[in-house]
Amino acid sequence: MKIKIAWIGKTKEPAIAALTDEYLKRISRFAQIEGVTLRDDADLLTKFAKDSKSATKSSLVLMDSRGKEFSSEQFAKFVGDYQDRNPLPLVFAIGGADGFGSEVRSAAQSVISLGKMTLAHELARVVLLEQLYRAFTILKGHPYHSGH
């Protein structure tokens, strides 16, 4: 399974960069994963929108507080089901401080929320990575997900 985590804007906080790298490394034991820094919504559309000629064929999932909420187990099932039935890379996109524009929203196959609370976009990335790692450990039946 190929996964890309795409975020808009340079990482300003060294602690966030370190956590991002750590989780990318952990997840790489379960799937091919890559972090992608994007300039803006237009850059995201060019690289990952299904109707863009230059885009990599992929399924775009937006992380947005107005999206569908999952428990960790439900998110693991989402990832596992995708892995079983879809060979295309799965792209999780985290917007900038202002979220995503309507053009990006209409290009996405899914919109998922990490919860109703607003998170700083750099923190949202770390939470997403942690939940992805947890999803793979749940799928593998690893004890990590039991509340640590």
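Tutor: What follows goes through the pocket, its lining and a salt bridge that involves the lining.

The model is predicted. Its largest pocket holds about 340 Å³ of space. The lining consists of 19 residues, and the closest to the pocket centre are Met63, Asp64, Ser65, Leu119 and Ala124. By type, the lining divides into eight nonpolar, eight polar and three charged residues. Strand 3 (59-69) and helix 5 (121-139) each supply at least two residues of the lining. The largest share, four residues, comes from strand 3.

Asp64 deserves a separate look. Its side chain meets that of Arg105 in a salt bridge, with an N to O distance of 2.6 Å. Arg105 lies in helix 4 (residues 102-107) and Asp64 in strand 3, so the pair ties together parts that are 41 residues apart in sequence. The two partners fall in separate accessibility classes: Asp64 has a relative accessible area of 8%, under the 20% cut-off, and therefore counts as buried. Arg105, at 26%, is partly exposed. In general, side chains of opposite charge can pair when their charged atoms come close. This salt bridge is one of ten in the structure.

Leu119, another of the residues closest to the pocket centre, also belongs to a nonpolar surface patch with Leu114, Leu123 and Val127. Together the four have about 280 Å² of accessible area. Val127 lies in helix 5, an element that also contributes to the pocket lining. At 30% relative accessibility, Val127 counts as partly exposed.

How values were computed: Residues are numbered from 1 along each chain as its sequence is written. This is a predicted model: local features need pLDDT of at least 70, side-chain atom pairs count only at pLDDT 80 or more; totals for chains, interfaces and linings use all residues. Side-chain values use heavy atoms; hydrogens and water are left out. On a 1 Å grid over the protein atoms alone, a cavity is a set of points where a 1.4 Å probe fits but cannot get out, and a pocket is an open set with protein on both sides within 12 Å along at least five of seven lines; lining residues have an atom within 4 Å of a point. Grid points are joined across faces, edges and corners, and a volume is the space filled by probe spheres set on the points. Ala, Val, Leu, Ile, Met, Phe, Trp, Tyr, Cys and Pro count as nonpolar, Asp, Glu, Lys and Arg as charged, and the others, Gly among them, as polar. Patches are made of residues with over 30% relative accessible area and no salt bridge: like charges are joined within 9 Å, nonpolar side chains (Val, Leu, Ile, Met, Phe, Trp, Tyr) within 5 Å. Accessible areas come from the Shrake-Rupley method with a 1.4 Å probe; for residues, only the protein chains shown count as cover. Buried means under 20% relative accessible area, exposed over 50%, partly exposed in between (1.4 Å probe, protein chains only).
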